[in-house]
Amino acid sequence: MNVLVLGGSIFLGRHLVDALLEGGHRVTTFARGVHPAPERAGVTRVLGDRTNDLSPLARDGWDAVVDVCGYVPRVVRASVRHLAAAGRYAFVSSISVYDSKQAELDENSPTPALQRETETVDGETYGPLKAACERVVTDGFGERALVFRPGLIVGPFDASDRFTYWVDRGARGGEMLAPAPPERGVQFVDVRDVAAFVVRALEMHLAGTYNVTSEPQDHTFGDVVEAVCRAGNGNARTTWVDERFLEQHGVEPWSELPLWIPESMGEAGFNHVSVARARRDGLTFRPLAATVADTLTWTHTLEPHRTRKAGLDPEREQELLAAWHARHA
C-alpha cells in the first residue's frame with residue numbers, strides 16, 4: 001500500500017510508521033517538522049501545516065490515509081475533502097468520546113456532542129471534539145472509513161509521563177505511594193499493539209469503529225505496581241493509600257497519580273471498555289512486563305532532571321507518606 005500518515009514523528013505516529021515499513025508498505029508523513037523524526041529508508045517526509053495549507057500534499061494516489069493528529073472538526077474536514085480520492089481514511093480517536101459515567105462501554109455507547117462552538121482542546125472539550133471529528137470522517141468516507149478509539153496509550157516514546165511515571169518510580173526505589181485498592185482494574189494499551197492493529201485493519205480492508213485498549217480486568221493497579229517494581233530490581237516498597245485520604249489531601253487524579261480515577265468521580269466506565277470487536281479482528285497484546293521493560297529502557301535515554309508532565313514530585317510524595325503514617329501511628 002501507499003500510505004499517508006498525517007503526523008508521524010512523536011509517539012503513535014512514529015510506531016505506526018515502523019509497523020507500516022515492517023509490512024512492506026510505502027509511507028509518506030505530513031507534519032510541521034517541529035519535532036525531530038528519525039530518518040528511515042522508504043519514508044518520504046512532506047513538511048506542512050494541515051491547519052491552514054494542504055497544498056503540499058497530492059490529492060490522490062493514496063491507498064490509505066491514517067490521521068493520528070486530528071483534534072478539530074474544521075481541520076479534519078479539510079483533510080477529508082482534500083484527500084477524498086484516497087482508498088481509505090483511518091482516524092485515531094479516543095475512548096474519551098464516551099460518556100464515562102456508564103458502567104460498561106462498547107462501540108455502540110453514546111458519544112456526547114460538543115455543547116458549545118470551540119476549537120480549544122482541553123479536558124472538557126477533548127472527547128466531544130474527537131467525536132465530532134469521527135463524524136466528519138465517516139460522513140466523508142462512508143464504508144471506506146476506519147475509526148480507532150484507543151484507551152491510554154503507553155510504551156516507549158510516550159512523553160505524557162502518565163504511564164512512564166510509574167515505570168520511573170518503580171526503578172527509583174524506596175517507599176512508593178500507590179492508590180488503594182490494588183485490585184482496582186485499569187485499562188491501557190501498548191503503542192506498538194495499537195500500531196500493529198491499525199496496519200492489520202488497513203491490510204484486511206476493515207471498516208467501522210474499534211475500541212483499542214486492554215481487556216477489562218486484564219490488569220489491576222497491583223499488577224502495574226508489581227511489574228514496575230520488578231523491572232526496577234525490586235527495591236521499591238509500596239504503601240497503598242486509600243482514596244479518601246488522597247482526596248482530603250488534594251491529590252489530583254491522572255495528573256499527580258496517573259491511571260488513578262477515584263470512585264467519587266463516577267467514571268468507572270473508562271476501565272470497563274469492551275474490545276471484543278477488535279479482538280475478533282486480530283488485536284493482540286504483548287505482556288505487561290515487556291511494555292514496562294521497554295519503556296524503562298527508553299527512559300534511560302532521557303534527561304534525568306527533565307520537567308515531568310505527570311506524577312507526584314518526590315517531595316510531595318514524601319509529605320503524603322509522612323501524613324499517612326502519622327495518621328495510622
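Reply: Happy to! Let's start at G311, which sits in the loop between α9 (288-299) and α10 (314-327). This is a predicted model, so local features need pLDDT of at least 70 and side-chain atom pairs count only at pLDDT 80 or more, while totals for chains, interfaces and linings use all residues. Residues are numbered from 1 along each chain as its sequence is written, and side-chain values use heavy atoms, with hydrogens and water left out. Helices (H or I, at least four residues) and strands (E, at least two) are DSSP runs, numbered from the N terminus.

G311 counts as buried because its relative accessibility is 16%; buried means under 20% relative accessible area, exposed over 50%, and partly exposed in between, with a 1.4 Å probe and protein chains only. Leaving aside neighbours within four places in sequence, G311 is in contact with Y165, S255, E256 and P258, where contact means heavy atoms within 4.5 Å. The C-alpha atoms of G311 and D161 are separated by 7.2 Å, although these residues are 150 apart along the chain.

Now for α10 itself. Its buried residues are E317, L320, L321 and W324. Seen down the axis of α10, these fall within an arc of 100°, so they line one face of the helix; the arc is that of the directions from the helix axis to the C-beta atoms. What covers them includes α4 (164-172), β8 (174-179), β13 (236-241) and α7 (243-248). On the other side of α10, E315, E319 and A326 are exposed.

The structure holds 1 cavity of 30 Å³ or more, and the largest cavity has a volume of about 80 Å³. On a 1 Å grid over the protein atoms alone, a cavity is a set of points where a 1.4 Å probe fits but cannot get out, and lining residues have an atom within 4 Å of a point. Grid points are joined across faces, edges and corners, and a volume is the space filled by probe spheres set on the points. Among the residues lining the largest cavity are V154, F188, D193, H219, F285 and R286. The lining of the largest cavity divides into 5 nonpolar, 3 polar and 3 charged residues; Ala, Val, Leu, Ile, Met, Phe, Trp, Tyr, Cys and Pro count as nonpolar, Asp, Glu, Lys and Arg as charged, and the others, Gly among them, as polar.

Methods
1 Å grid on protein atoms, 1.4 Å probe; cavity = no way out; pocket = protein on both sides within 12 Å on 5 of 7 lines; lining within 4 Å.
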